[in-house]
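Please consult the sequence and the model shown below while reading.

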Amino acid sequence: MKEELPTILRSFSKVRLTAQEKGTMKKNLESQIGLPSPANKWHTIFWSHQMKVAYGVLFITLSFGSSVVAASGQSLPGDLLYAVKTQVSEKLERVFAASTPDDRAQFETRLVARRFEEAEKLAEGSALEDGKKEMAKTQIERQIEKAELALSKIKHEEPAIESTSMMMQSFSATTEPAPDTSARKIANDDRDDYSRDRKNSDDENDNNREKRKDHEERKKFDLDEVLEKHKDIAKKLDIKKSGRSGWDD
Amino acid sequence: MKHDNHQQFLELYDAHADAIFRHCYFKVSDRELALDMAQQTFMQLWVYMKGDKPIEKPKSLLYRIAGNLAIDWYRKKKSESLENLMDSGYEPSDGKNGTIEMNAEIENILGKASGLSKDDQNLIIWRFVEDLSPKEIAEILDERENTVSVRIHRAIEQLKDLMKTT
């Protein structure tokens, strides 16, 4: 042997993975470590956040009877069952009602309205003067923060008017003066033509109607609208409308 | 925390994938099988990493896991062990290009190395192929560094003798 044995042995290091083999193995490993095994998957579902909340509700329901959870829905800040309402029922609602950022924002905005309505109920009696003012104020401010955070996570997308039949839909559906857009003018001029078209595009109309309904539903829970609607109680509670124009001017 | 683990795991893979594959390949002499074994080695490492106990020497652990997997394989496939395959003139295949790019001298040495005990084969591969220091090998084997150095020296002398006899 011309060469030293250790030197020859070192040349064994030529044996290595090809780039493709290395990449494929890495991908395999990544997918294996990223996804839970079937056993872990069930474990994960079983102890997921949603299930934990559901267990909590189940426990309370079994322990105190479903009437407690139901009764907590009518509770107001300062009531014994108010914590059940906000910490159990609403958390459960949040988990199941808010699967997308859009839904989450809508849900949180709805809760802002709910908090205001609770404060208004308190104000109807003398509860606000009985030391519950701060409690109600804190609840509202905290919920507004949650709603603003949820809203910041979605992009507000105004649904575009997607077809001529959609324009006709909006034209015949509303009696309010519409904005003077060029699309609107076309709709006025060619109303008869569009009516004919509409007959042939029932499916499309249904689709657009759904989208419009969804958009209107979303607008209904627009945070600004909610704040505006409840401005009286907001002023009474000295809640500042930070960063928004309107009732604290 | 989980993300850190993932990151650390992938870094370990990038650093040691070739060496672990090579180690497996010299054990099983089959490229596809060595690929499976190397992947399994890293999966077992991941299982350790998910545990509560911190891993101080992941490189040593990788070799230990690969070694154990090879022992399991030897037990299952004793009739097709490296020694028998080499004795019957088996040439390691890379599963793609027919014969792996190894010169005849290296193949010859591999064949001779099969005359050594498995422990000595490991010592030679780790020291001269993987370029592990006696200290690192001592960590893998959980032995003293001096002991390992002496054993490496003896193994290489034994291999030289085997080379001379044929």
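Helices (H or I, at least four residues) and strands (E, at least two) are DSSP runs, numbered from the N terminus. The model is predicted, so that local features need pLDDT of at least 70 and side-chain atom pairs count only at pLDDT 80 or more, whereas totals for chains, interfaces and linings use all residues. Residues are numbered from 1 along each chain as its sequence is written, chains are lettered from A and ligands numbered from 1 in the order in which they are written, and side-chain values use heavy atoms, with hydrogens and water left out.

**Chain B as a whole**

Chain B contains eight helices and zero strands, and its elements follow the order α-α-α-α-α-α-α-α from the N terminus. Of its 166 residues, 48% are buried, where buried means under 20% relative accessible area, exposed over 50%, and partly exposed in between (1.4 Å probe, protein chains only). The accessible surface of chain B is about 8,800 Å², and carbon and sulfur atoms account for 47% of that surface; such areas come from the Shrake-Rupley method with a 1.4 Å probe, and for residues only the protein chains shown count as cover. Contact means heavy atoms within 4.5 Å. Among the contacts in chain B between residues at least 6 apart in sequence, 63% join residues at least 24 apart.

**Helix packing**

Axes are lines fitted to C-alpha atoms, for helices over the stretch in contact, and angles run from 0 to 180 degrees between N-to-C directions. Within chain B, helix α2 (residues 31–50) packs against helix α3 (residues 58–76) at an angle of about 130 degrees, with the axes 9 Å apart. That angle makes α2(B) oblique to α3(B), because angles under 35 degrees count as roughly parallel, over 145 as roughly antiparallel, 65 to 115 as roughly perpendicular and the rest as oblique. The crossing of these two helices is right-handed; a crossing is right-handed if the near helix is turned clockwise from the far one by less than a right angle, and left-handed if anticlockwise. Residues of α2(B) in this contact include B:Leu33, B:Phe42 and B:Tyr48, and those of α3(B) include B:Pro58, B:Leu69 and B:Trp73.

Helix α2 (residues 19–34) of chain A also meets α2(B): their axes come within 11 Å and cross at roughly 35 degrees, in a right-handed crossing. Among the residues that meet here are A:Glu21, A:Met25 and A:Ile33 from α2(A), and B:Arg31, B:Phe42 and B:Trp46 from α2(B).

The table gives both contacts by residue class. Ala, Val, Leu, Ile, Met, Phe, Trp, Tyr, Cys and Pro count as nonpolar, Asp, Glu, Lys and Arg as charged, and the others, Gly among them, as polar.

| α2(B) with α3(B) | 13 residues | three residues | no residues |

**Individual residues**

B:Ala113 belongs to helix α5 (residues 104–113) of chain B and is buried, at a relative accessible area of 13%. Apart from neighbours within four places in sequence, B:Ala113 contacts B:Gln121 and B:Leu159.

B:Asp142 lies in the loop between α7 (134–141) and α8 (145–165) of chain B. Its phi is positive, about 60 degrees, although B:Asp142 is not a glycine, and its relative accessibility of 69% makes B:Asp142 exposed. In chain A, A:Asp238 is placed in the segment after α14 (231–236). A:Asp238 has a positive phi near 60 degrees and is partly exposed, at 42% relative accessibility.
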